[in-house]
Amino acid sequence: MSEISLAHGPVARYFESVGLISEETIQRVTEASDIVDLIGSYFPLKRAGTSFRAVCPFHQEKTPSFHVNPARQSFHCFGCGVGGGVLRFVMDYEHVDFPSAVRRLAQRAGIPILEDAASAEDGQKQGQRQRLLAIHAEAASWFHKALVKSPAGSEARAYLKSRGITSEVAKSWQLGYAPDSWDALLEHLRGCRFTDGEIILSGLASSKEDKPGERIYSRFRHRVMFPICNDYGEVIAFSGRTLESDPKSAKYVNSPETPLFTKGKVLYGLDKSKRDLIEKNTAIVCEGQLDLISAYEAGIRHVIAPQGTAFTSDQARLLRRYVETVLLCFDSDKAGKKATSSSLPSLLSQGLSVKVVVLPAGEDPDSLIRRNGPDAFLALVGAAADYFDHSLEEAILSGELNTPAGKSKLVGRIAPPLALVQDAVLRESILGRICSRLSLPHALIRSAMKAPSPDSGNERGVVPLAEPVEKITLSAGMHMLCQIALASSEVREWLRTQAPAVAFEPGGALVDKLTQAEFESGSTTLPTALLSTLTAAEERTLSSLDTRRPMPAPLERAKLTWQGLLIQQFTQKMEGLKSQLIDPSVSVTEREKIQKQILDLKIRVADVQRPF
Ligand SMILES: [Zn+2]
């Protein structure tokens with residue numbers, strides 16, 4: 001049996017990522033956050049006796065089985081088994097990790113996070129971040145007013161109208177207009193007491209050759225403005241589409257990298273589409289912001305746009321938190337195909353399944369939805385094929401497979417990304433299909449899979465996958481053991497003198513974590529020292545236990561339960577051995593060996609049954 005070690009594995013990983021947030025701060029943040037208040041701020045809760053109820057946000061249902069218990073400060077869904085405390089709720093609902101959940105709750109409760117080694121420099125950075133967010137918020141609202149109200153905004157209004165954007169839609173996405181002026185925005189921002197230094201740092205202005213002291217001017221002029229938000233919905237950058245017909249003017253100008261904004265780490269629309277992505281477990285990836293807005297406003301809300309054509313590893317990792325399948329919906333032109341193939345390595349490396357939506361030539365989601373309605377678009381989305389099948393189909397239709405050279409080109413194109421498919425069963429089944437369609441031997445494609453992909457660039461770093469969240473199905477004995485271990489420190493002390501419980505899977509590792517953690521029993525919520533070591537599945541399991549029910553003689557119970565578990569374990573082994581004896585091909589000597597093992601187990605069972 002594997003030995004458990006608390007210095008490595010999930011526990012160590014968690015503490016590493018908690019960084020310098022002190023245990024005390026985590027405790028304060030948890031205590032300051034009322035679970036009914038918190039969950040009620042996301043969706044309405046209905047009082048039902050002493051607890052609250054809602055339709056579960058984590059699975060599809062009609063009758064509410066999601067319960068929030070204010071006394072225990074916990075939530076639990078009887079439908080899908082999710083459950084935990086405030087931190088777990090934020091982690092699961094917002095799809096963030098433990099430290100981020102702590103930070104979010106801290107922000108909500110107005111508790112400053114005292115990161116232990118917070119230096120003056122950190123404090124300064126934090127202040128600067130706040131100033132930059134304030135500039136962006138101010139600029140977004142100024143651009144929006146210019147779009148809606150100013151006479152100069154008429155051209156931008158006409159453009160958006162021609163793209164089917166109503167004023168309500170412009171409002172909800174805070175679309176704007178940057179006037180054709182070198183300094184109107186700057187004057188406004190100076191009037192709001194932002195310094196030139198801050199304005200330059202925000203990327204909203206630049207100076208000629210970046211000479212200090214040189215006159216500064218607005219980066220965005222005569223453009224339709226799309227605010228880019230982080231996943232809290234705060235504006236952190238802008239993308240401006242030109243209104244000039246002059247081909248020399250860049251079609252899109254984006255904010256440069258700033259302390260707030262790192263290109264390739266943000267997905268446009270994510271702050272709005274998050275919930276739908278989780279619900280659909282699928283993301284439709286659009287090329288442009290307007291495509292995304294059109295689809296979203298037409299009711300197709302599981303959409304995101306990568307900002308710039310291809311997916312980076314960071315974006316793929318971000319998306320992997322929400323979905324398992326990605327539908328690439330790029331234009332059917334050459335640039336769109338290039339974007340598809342260059343997005344593949346990072347998406348596949350994250351374990352995402354990639355499908356391709358084929359749009360009619362010359363159409364994009366926006367034009368299609370406006371002309372033929374959302375259902376026409378959804379029909380194409382529904383017909384999306386797996387990337388590899390799509391590539392095969394395309395090659396067949398184009399006649400590429402008629403010549404050996406064409407076949408070889410196709411193999412060169414699809415074999416390297418195939419090697420990145422993380423699920424071995426899936427990879428083998430795609431490989432099988434490719435081999436049979438191309439009538440080529442497996443070995444040949446396999447060797448091509450080892451060659452570097454022409455589009456992979458340096459994006460090939462395979463990153464560890466997010467752990468899937470599953471429920472732990474505990475046997476009655478393990479259920480009891482978890483419950484007593486949680487409720488009684490005496491029991492935990494005794495368990496430390498026993499062999500690791502990890503032998504009693506499922507749930508053994510959880511009991512071991514309970515045993516190792518230092519905490520006071522009797523709290524209605526799970527202790528944070530323990531919480532930070534648990535996987536989501538483990539926390540779900542623990543929070544569904546009733547620890548309030550008084551349990552007489554916990555140590556006696558624990559010992560009896562432990563006995564039961566050992567006997568069960570030995571009996572199972574015995575059954576396994578007995579079934580081997582039925583096999584007539586087992587030799588006589590082998591048979592004797594098995595008989596001996598069975599006898600040995602019988603003795604061990606008898607030993608266990610003796611009183612402690
Ligand atoms: Zn549920």
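Let's start with valine 285, which stands opposite isoleucine 304 in β13. Strand β12 (residues 282-286) and β13 pair in the parallel sense over two bridges; pairing here requires that DSSP finds at least two bridges between the strands. Strands are DSSP runs of E, at least two residues, and helices runs of H or I, at least four residues, numbered from the N terminus.

Helix α12 (residues 289-297) packs on the sheet, touching β12 and β13, and its direction makes about 135° with that of β12. Contact means C-beta atoms, placed from the backbone, within 7 Å. Angles run from 0 to 180 degrees between N-to-C directions, with axes fitted to C-alpha atoms, for helices over the stretch in contact.

A quick word on the model: it is predicted, so local features need pLDDT of at least 70 and side-chain atom pairs count only at pLDDT 80 or more, while totals for chains, interfaces and linings use all residues. Residues are numbered from 1 along each chain as its sequence is written.

Back to the sheet: it is open, with five strands in the order β13-β12-β14-β15-β16 and mixed pairing. β13 (303-304) and β16 (385-386) stand at the edges, each with a single partner strand, so one side of each has no neighbour in the sheet.

Now, friends, on to a helix. How far apart are the end C-alpha atoms of α19 (residues 424-438)? They are 21 Å apart, which agrees with the 21 Å that its 15 residues should span at 1.5 Å a residue; the expected span is 1.5 Å times one less than the number of residues. Just after α19, serine 439 takes a positive phi of about 50°.

How values were computed
Contact = placed C-beta atoms within 7 Å.
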